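Here's a quick briefing to read with the structure open beside you. Take a look at the fold first, then work through the notes below.

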Amino acid sequence: MAEQRVKVGNSDLEVFPLVLGGNTFGWTSDEATSRKVLDEYVEAGGNFIDTADVYSAWAPGNAGGESEIILGRWLAVRGNRDKVVIATKVSEHPQYKGLSHDNVIAAADESLLRLGIDTIDLYYAHFDDKGTPLEETAAAFDELVKAGKIRAIGLSNYTADRIEEWFRIAREHGYALPVALEPHYNLMTRGNYERTLAPVAARENLAVFPYFSLAAGFLTGKYRSAADAEGKARQGMVVDYLNADGFAVIDALDAVAKAHGVAIATVALAWLRHRPQVAGPIASARTPEQLPALLASVDLNLTADEIAALDKASEPFAK
């Protein structure tokens, strides 16, 4: 595995073009398994881990912050803080909802404590908070940059209009500008990103790190019929794909995967890596066994014909 690096927008951060998602840590992956996944990702050349303060408050018995705690303990045990780039997010933790000035500052301090670090490399506004003026939120993030608590700013789940407004406010006040965007984007969810977000990302040189890169597991090819999803935990998340259009995308991925001798998931991630402004897709591995197919996407270069075939097959999802 080549130790490749891409620049994160106009920042000084340089990251591996496959981001390891931390949403499984403390949820579907226990601490020991999470550490194995982290170890193997780093051993393969990876250096960029994406988490959030809310992960995984939705799981029974969890309060939020479990992923950050596991990641922080791993960093302490491995002593490798200077070798990894850490991204986390604010606005959804049950105790730190929204993006008011005081909440952003307090939530960042809590994340730093859980992670056991002095500086968050990339700090995302997780979901837009329409109840708080953007001026207030942008000022809080700038304050964190100036205090050395975060190195760079990212936006996730923002509309193009709100991203443009953030940039306008930041320029007006001389605040630090966002450098990254984390949108919902994959072969099964194309329209919003390609039509509205990609042009803004290009204009502002935002590095794009798509989440749900494998469409809740659909793009691994494990669902070949509606029956395959019956009773599964993610049935509700993939139900819109369990039709002729969805299975046509899997068939197209299958053809490319067979030509290269790789897994379907590898091709789906490689397709994302070839998209404009995408610096690297985010993918989670519940177990170390799931990692190789994800990592292989970094070295898979698709031909123009292969990209065109995948684009065509997924056209119904580009609307």
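What follows is a short walk through the sheet, one of its strands, the core and a few aromatic rings. Keep in mind that this is a predicted model.

- How much of strand S5 (residues 85-90) is buried? The strand is mostly covered, with 6 of its 6 residues buried.
- In a regular strand, side chains alternate between the two faces of the sheet. Here both faces of S5 are covered: one side has Val-85, Ala-87 and Lys-89, the other has Ile-86, Thr-88 and Val-90, and all of these are buried.
- Strand S4 (residues 48-50) runs parallel to S5, and 3 bridges join the two. Within this pairing, Phe-48 has Val-85 of S5 as its bridge partner.
- To get from S4 to S5, the chain passes through helix H2 (residues 66-78), and this β-α-β crossover is right-handed.
- S5 also pairs with strand S8 (residues 120-125), again in the parallel sense, over 4 bridges. In that pairing, Ala-87 stands opposite Leu-122 of S8.

**Aromatic rings**

- The model has 13 aromatic pairs in total.
- Take Phe-16 and Tyr-41: their ring centres are 5.9 Å apart and their planes meet at 80 degrees, so this pair is edge-to-face.
- Phe-16 is in the loop between strand S2 (14-15) and strand S3 (19-21), while Tyr-41 belongs to helix H1 (residues 31-43), so the pair ties together parts that are 25 residues apart in sequence. Both Phe-16 and Tyr-41 are buried.
- Why is the pair Tyr-158 and Trp-166 edge-to-face? The ring centres are 5.9 Å apart and the planes stand at 75 degrees, and edge-to-face calls for planes over 60 degrees apart.
- Tyr-158 counts as buried because its relative accessibility is 3%, under the 20% cut-off. Trp-166 is buried too, with a relative accessible area of 0%.
- Tyr-158 and Trp-166 belong to one aromatic cluster together with Tyr-123 and Phe-141.

**A glutamate on helix H5**

- Glu-165 lies in helix H5 (residues 160-173).
- Is Glu-165 buried, exposed or partly exposed? At 25% relative accessibility, Glu-165 counts as partly exposed.
- Glu-165 and Glu-135 are 30 residues apart in sequence, and their C-alpha atoms are 9.2 Å apart in space.

Terms used. Residues numbered from 1 in each chain as written. Predicted model: local features only at pLDDT ≥ 70, side-chain atom pairs only at ≥ 80, totals over all residues. Heavy atoms only, no water. Buried < 20%, exposed > 50% of the residue type's maximum accessible area, 1.4 Å probe, protein only. Pairing = 2+ DSSP bridges. Right-handed = clockwise from strand over helix to strand, strands pointing away. Phe/Tyr/Trp six-rings, centres within 6.5 Å; stacked < 30°, edge-to-face > 60°.
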